[in-house]
Amino acid sequence: VSECPSSAAENQSKPVLVEVKEDSDAIDPLNMMPPPNQRPSPGQPFPLPTERQTSGIPKAGTSDHWVYPSQQMFWNAMLRKGWKWGPDDIKQDDMMHIIKIHNANNESAWQEVLKWEAMHAAECGQPKLKSFGGKAKEFSPRARLRGWMGYEMPFDRHDWIIDRCGKEVRYIIDYYDGDLDPNSHRFAQLDVRPALDSFEAVWDRMKVAWWRWRYAPKIEQSLGH
């Protein structure tokens with residue numbers, strides 16, 4: 001299932017009930033998903049809420065924010081991707097936790113993007129997310145390199161296109177298994193960085209690599225005392 005927020009047709013300042021829409025084969029190019037489906041699936045063992053939560057991620061070209069899928073939309077998306085469960089494999093409350101984990105991971109990813117974008121604050125003080133898409137079967141070069149070195153492979157990958165005040169910047173996000181924080185619902189370990197699509201992105205990653213090498217040992221050392 002996509003680990004990214006879902007587009008909404010109108011601005012929402014708080015969770016609201018979303019009108020049920022008809023199914024369609026049309027794919028939204030901004031999130032590579034079909035239109036929202038809020039209808040229960042055939043044989044669904046329990047009802048699920050259709051309430052959607054507004055994210056903290058601003059949507060490019062608007063004054064709105066991206067809106068996360070409802071539990072019902074997420075359920076339908078999992079079925080569409082081939083997920084199947086036995087009678088006792090999943091319960092109604094599980095979907096609430098799945099949605100919270102999904103949303104928390106995306107909020108964390110956006111905060112990581114903003115750390116990179118802070119290097120360009122003079123150029124753009126308010127970057128926004130323009131589009132995104134999942135590429136779970138397309139491992140990034142860094143993920144493949146880590147795999148060759150014996151490290152675990154990510155369970156998912158997404159590419160986010162950031163609107164840096166008119167300039168499009170692609171970010172790669174690799175998702176690795178992590179320990180669930182029951183308070184924040186954060187689960188995945190994220191590796192977020194700009195794709196090497198331009199000299200500027202290469203330079204940004206070189207600077208960050210230098211900063212980590214130069215200052216991270218001192219920070220860890222000070223925290224140890």
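In this predicted model, Arg164 is buried, with a relative accessible area of 2%. The side chain of Arg164 meets that of Glu200 in a salt bridge, with an N to O distance of 3.2 Å. Because Arg164 belongs to strand β6 (residues 156-164) and Glu200 to helix α4 (residues 199-223), the pair ties together parts that are 36 residues apart in sequence.

A second salt bridge is formed by Arg142 and Asp191, whose closest N and O atoms are 2.6 Å apart. This pair, too, links distant parts of the chain, with Arg142 in helix α3 (residues 141-148) and Asp191 in strand β8 (residues 189-194), 49 residues apart. Arg142 is partly exposed at 29% relative accessibility, whereas Asp191, at 16%, counts as buried.

Within helix α4, Lys207 and Asp204 lie three residues apart, about one turn of the helix, and form a salt bridge in which the closest N and O atoms are 3.8 Å apart. Asp204 is buried at 3% relative accessibility, while Lys207 is partly exposed at 24%. Elsewhere, salt bridges that share partners join Glu117, Glu123, Arg164, Lys167 and Glu200 into one network; the count of salt bridges comes to 14.

The protein chain as a whole comprises four helices and eight strands, arranged along the sequence in the pattern β-β-β-β-α-α-β-α-β-β-β-α. Of its 225 residues, 41% are buried, and among contacts between residues at least 6 apart in sequence, 61% join residues at least 24 apart. The accessible surface comes to about 13,300 Å², of which carbon and sulfur atoms account for 55%.

Terms used. Residues numbered from 1 in each chain as written. Predicted model: local features only at pLDDT ≥ 70, side-chain atom pairs only at ≥ 80, totals over all residues. Heavy atoms only, no water. Helix = DSSP H or I, 4+ residues; strand = E, 2+ residues; numbered from the N terminus. Buried < 20%, exposed > 50% of the residue type's maximum accessible area, 1.4 Å probe, protein only. Contact = heavy atoms within 4.5 Å. Areas by Shrake-Rupley, 256 points an atom, 1.4 Å probe, with all protein chains shown as cover. Salt bridge = Lys/Arg side-chain N within 4 Å of Asp/Glu carboxyl O.
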